[in-house]
Structure formats: C-alpha cells, structure tokens
Amino acid sequence: MHRFRLFRGKLEGPWWINNGVGAAAIGVVLIAASLLVGPSWGCHIPAIYNFGDSNSDTGSVSAAFHRLPPPYGETFFGKPSGRYSDGRLIIDFIAEKLGLPFLSAYLDSIEPNFRHGANFGASGSTIQPTDAKLFGAGFSPLSLNIQLLQFEQFKGRTKESFNQAKSSWIKNNLPRPEEFSKALYTLDSGQNDLHFGQTTEEQKLYQEGARTFWIHNTGPIGCLPFFAVWNRPNHFESDQNGCIKSYNQLAQEFNKQLKDKVFQLRIQLHHAVLIYVDIYTAKYTLISEAEKQGFVSPLGYCCGHLGVAECWQISIVNGTEVFAASCSDPSKHISWDGVHYTEAANRWVIPLTKSCHSADIPS
C-alpha cells in the first residue's frame, strides 16, 4: 500500500543536504492566520484550509480511491473516518482548539460541510508533482500542486455560488467569501519526498492572502517502527531508544536548514509572520519517556503483525488466514500502524510543541 511506501528508500543518499535543497519540503506545517490566535488570545478564526499528506488527510484518498476499513478510526469515531489513525489527527485537535468542527475532505461527496473550511490533504501525496514513476511507486496523484489548484477552484466557485445563492443550504454549507483572508491555512506536507527540491508553495499561499505561518519541523523519522523494526538496514547504529541514529541525524540536519529557510522567507515576505515549531523535540521526548508517560515500548505499534501483515490486511500463514487487527488498547501505543501516530500520541505531542518567532531564528 502506498502509505507504507511513502518513506521507502527516501532516507538513503543525503545528497540533498550537501546541495542545500529540500529545506522547505519536509514535514512542515505552515499555518496562515496563525495557530497562536486561538480563543485565549481573543481572536476569531472562521475557517481552516489544510494541504498535506496522510498526517492530515481526513478522507480525501478514502473517498477518491478506496475506503479505509476497520480498525481505522475505532478509538474516537467508532468506524473508519478516512484518517490513517485510530482516531483524531493533529489537524483535528487544532480545529477543536479553535472551536471549529472537523474538516470535511474536499473530495468527499457524502454530507460535506465547508462552512468552516475544507481539507485538501491526501495520503501518499508529495510536494513534487506526481509523474508516472512516482505514481507507479505508489504515491498519490493528488500532489501539492493539484491540491492548490483544487483550492483555487473551490475559492472561485464558492464566491460565485455564494453571491448567486437562492437557498439557505448554500450559505450554511459554504464559507463566507470575506473569510478566506481571515482563515487558517495549514500545510502538512513533504515527509514523502525528503530528497526533492525546495517548494514555493508558501509563496503561493502568501499571494492568496496568507500572512502568518506556523511551521513544524520534521519528526524523528528514525524512530518510526516501519524503519526501526520492519525495514531496518543492516549495520545501522541505534540510539538509546532503538531508533536509527543516522535517520534522525538526517532529520535534524533538515530541521537546521528549515530554520534557515524560515529566516530567508521572513526577509522575502515582508508582511508575513513566521513561527517555527519544534515538533521533533516534542515527539522524541515522548519516545524517550514512553513508559513514564503511560505508553508501552516506544517502538511498539498497535495495528499489524511484524513480517506477516500490515494493518487491516489479511495474509496466509501456513495455510491459515491471519487478519492484522488492532491491539486491545491503542491509547497505550505511540505508533498506530508503524508509520502514523495514534490519537493518544497526537494529543500528547501538541501541548509540548515549542515555537519561536522567525526573528529569533539564527541564519
């Protein structure tokens, strides 16, 4: 499945570091209109528009290609919700914090409500436009440039429909045209194409009216069970938590370059405020303190069977069907399926993220 191919082979050959590329293309969350302006700051965010991959997909790929089966979504929604987790994602907790409903996927035609935003994120998507080679490798055709085109059309058609609306349904299910400039724009994309070049998507969002960005660095990818347990390369050194040290060093080097990129963008985008959020430290702290925080082994995972079947799949072992069901208590695990975090981990990480204004970031 493409969601497990996202990372395969992406961590070898750190030429992108040597050439200084990719700094804006990995595991970032750009939030226009700023997550810092929640209710406690006395400001109002009327809507959220999200772009990204499986870390924030709330149903795009599930609606467009194949519906996720149980046990996805079992913890919070009680059924598959289109999310690659047992429950809520970070984008869901952001919506809750701002007093907004969960985002409907733009591609979901069953009872969507876009009054307070839309989610264009798609599992398996990349920043680099998808070509035949990427698609054949299991990546989604809904790359970031396609998501931005979808947003542009959504925005234009929303304004047309709203201005011509003759029924209350349209006005109750579509965003107010004047609120696009006041909305929160999140971009959670790039982890799938570590070694590709820089992106200009933040400039495009800026041109669309985005002025404040909250930027997440990338997490400790060497601690994902998919790497550290399932596909561990031979002779790779581990840290004290069992994570692949070189993979995490790669992520740390990227994060250093991301800080530089944020500093450069602050100079280029004169009317923007950029805030850098250290999600790497938050996630690695959770992994380091897993048992102390009530979780089981930091490299454990809830859904799937190592070397037998991925989450929700059926495999034949010695002539017997084996269904890769979930564990009895997902809240005790950091990883849901070896790649994605559980709801419990997503909830735990959010309060621990630290940010700094771009003016405080050294060049």
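I will go through the disulfides and then the nonpolar cores of this predicted model.

Local features need pLDDT of at least 70, side-chain atom pairs count only at pLDDT 80 or more, and totals for chains, interfaces and linings use all residues. Residues are numbered from 1 along each chain as its sequence is written, and side-chain values use heavy atoms, with hydrogens and water left out.

Disulfides, then. Taking a disulfide as a pair of cysteine sulfur atoms within 2.5 Å, the count is three. In sequence order of the bonded cysteines, the pairing runs 1-2, 3-6, 4-5.

Cysteine 223 is joined to cysteine 243, S to S 2.1 Å, and this link is right-handed, with 105 degrees about the S-S bond. Cysteine 223 sits in the loop between β5 (212–216) and α9, and cysteine 243 in the loop between α9 and α10, so the pair ties together parts 20 residues apart in sequence. Helices (H or I, at least four residues) and strands (E, at least two) are DSSP runs, numbered from the N terminus.

Cysteine 302 pairs with cysteine 327, also a disulfide, S to S 2.1 Å. The torsion there is about -100 degrees, so this disulfide is left-handed. For cysteine 303 and cysteine 311, the sulfur atoms are 2.0 Å apart. Both cysteine 303 and cysteine 311 are buried, meaning under 20% relative accessible area with a 1.4 Å probe, protein chains only.

Next, the cores. A nonpolar core is a set of buried Ala, Val, Leu, Ile, Met, Phe, Trp, Tyr and Cys residues joined through side-chain atoms within 4.5 Å. The largest has 38 residues, of which Ile48, Ile94, Leu98 and Ile334 touch the most other members. α11 gives the most to this core, six residues.

Note on methods
Buried < 20%, exposed > 50% of the residue type's maximum accessible area, 1.4 Å probe, protein only.
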